[in-house]
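Here is a short note to read beside the model. Keep the sequence and the 3D view open as you go through the points.

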Amino acid sequence: MKCFSVSLSSLRKTYCHRRLNFLESKFHLHEMLNEMAEMKELKSVAHRDFYNVRKVDTHIHAAACMNQKHLLKFIKTSYQTEADRVVLEKGNQKMTLEEVFRKLNMDPYDLTVDSLDVHAGRQTFHRFDKFNSKYNPVGASELREIYLKTDNYINGEYFARLIK
C-alpha cells in the first residue's frame, strides 16, 4: 500500500511539473507575440505611475511601490531638510545623513533617476536575489537600510513617509 501512495505522489508531481512547463511555454509564446504591442500601449499612457499600472502582481513589495522619481525626490528633500539627523548606526558609530552620503562619495543633488538605478527589469522577476539587489539605491545598501527598511536606526520613519 505504501508503494502505491508513493507512486501516486510521484505521478502527481510529474504531472504538475509538466503542466507548469506547458503553461510557461504558452506564456513565453504570448509574450513573444504580443510584447511590442503591449509595450506600445503602456508607453502611450501619458502619466505612467503606481496609480495607473495596467498589470497586477499579487506578491507586493512595499519597497517597490513608489516610482523612481518619487524615491529620488524624497531622498533629495530629506537630505535638504534633515542632513544633520542621525539616521544610521554602523557598529558603535552613529552617522548623519550628510556623513552617509559623504562616505559613499556622492552628492544627493547630483543623483538622477538613471543613477538611482532601482528600476526592476524583466530579469528580476524570477530571481529574488536580483530583485533585492535592484532595490539598493545607487547600489548602496546603506541607502536601502535608511530609506526602504523598517528595522533601522530611525525605526522606518523614512519608509513610512514614502509609503504614505
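1. **Layout.** From the N terminus on, the protein chain runs α-α-β-β-α-α-α-α-α. That makes 7 helices and 2 strands. Helices (H or I, at least four residues) and strands (E, at least two) are DSSP runs, numbered from the N terminus.

2. **Ground rules.** This is a predicted model: local features need pLDDT of at least 70, side-chain atom pairs count only at pLDDT 80 or more, and totals for chains, interfaces and linings use all residues. Residues are numbered from 1 along each chain as its sequence is written, and side-chain values use heavy atoms, with hydrogens and water left out.

3. **The chain overall.** Of its 164 residues, 28% count as buried. Buried means under 20% relative accessible area, exposed over 50%, and partly exposed in between (1.4 Å probe, protein chains only). Contact means heavy atoms within 4.5 Å. Among contacts with a separation of 6 or more, 54% join residues 24 or more positions apart.

4. **Helix α2.** This helix covers residues 68-82, 15 residues in total. From first C-alpha to last it reaches 21 Å, close to the 21 Å expected at 1.5 Å a residue. The expected span is 1.5 Å times one less than the number of residues.

5. Which residues of α2 are buried? They are Gln68, Leu71, Leu72, Phe74, Ile75, Ser78, Tyr79 and Glu82. Seen down the axis of α2, they fall within an arc of 160°, so they line one face of the helix. The arc is that of the directions from the helix axis to the C-beta atoms. On the other side, Lys69, Lys73, Gln80 and Thr81 are exposed. The cover over the buried residues includes α3 (97-103), α4 (113-116), α6 (141-148) and α7 (157-163).

6. **A salt-bridge network.** A salt bridge is a side-chain nitrogen of Lys or Arg within 4 Å of a carboxyl oxygen of Asp or Glu. The structure holds 6. Glu82, Arg85, Glu157 and Arg161 are linked in a network of them. Arginine 85 meets glutamate 82 at 3.0 Å, N to O. Glutamate 82 counts as buried, at 15% relative accessibility.

7. **Across the sequence.** Glutamate 157 also pairs with arginine 85, the closest N and O atoms being 2.7 Å apart. Glutamate 157 lies in helix α7 and arginine 85 in the loop between α2 and β1 (86-90), so the pair ties together parts 72 residues apart in sequence.

8. **Within α7.** Arginine 161 forms a salt bridge with glutamate 157 at 2.9 Å between the closest N and O atoms. The two are 4 residues apart in helix α7, so about one helical turn separates them.
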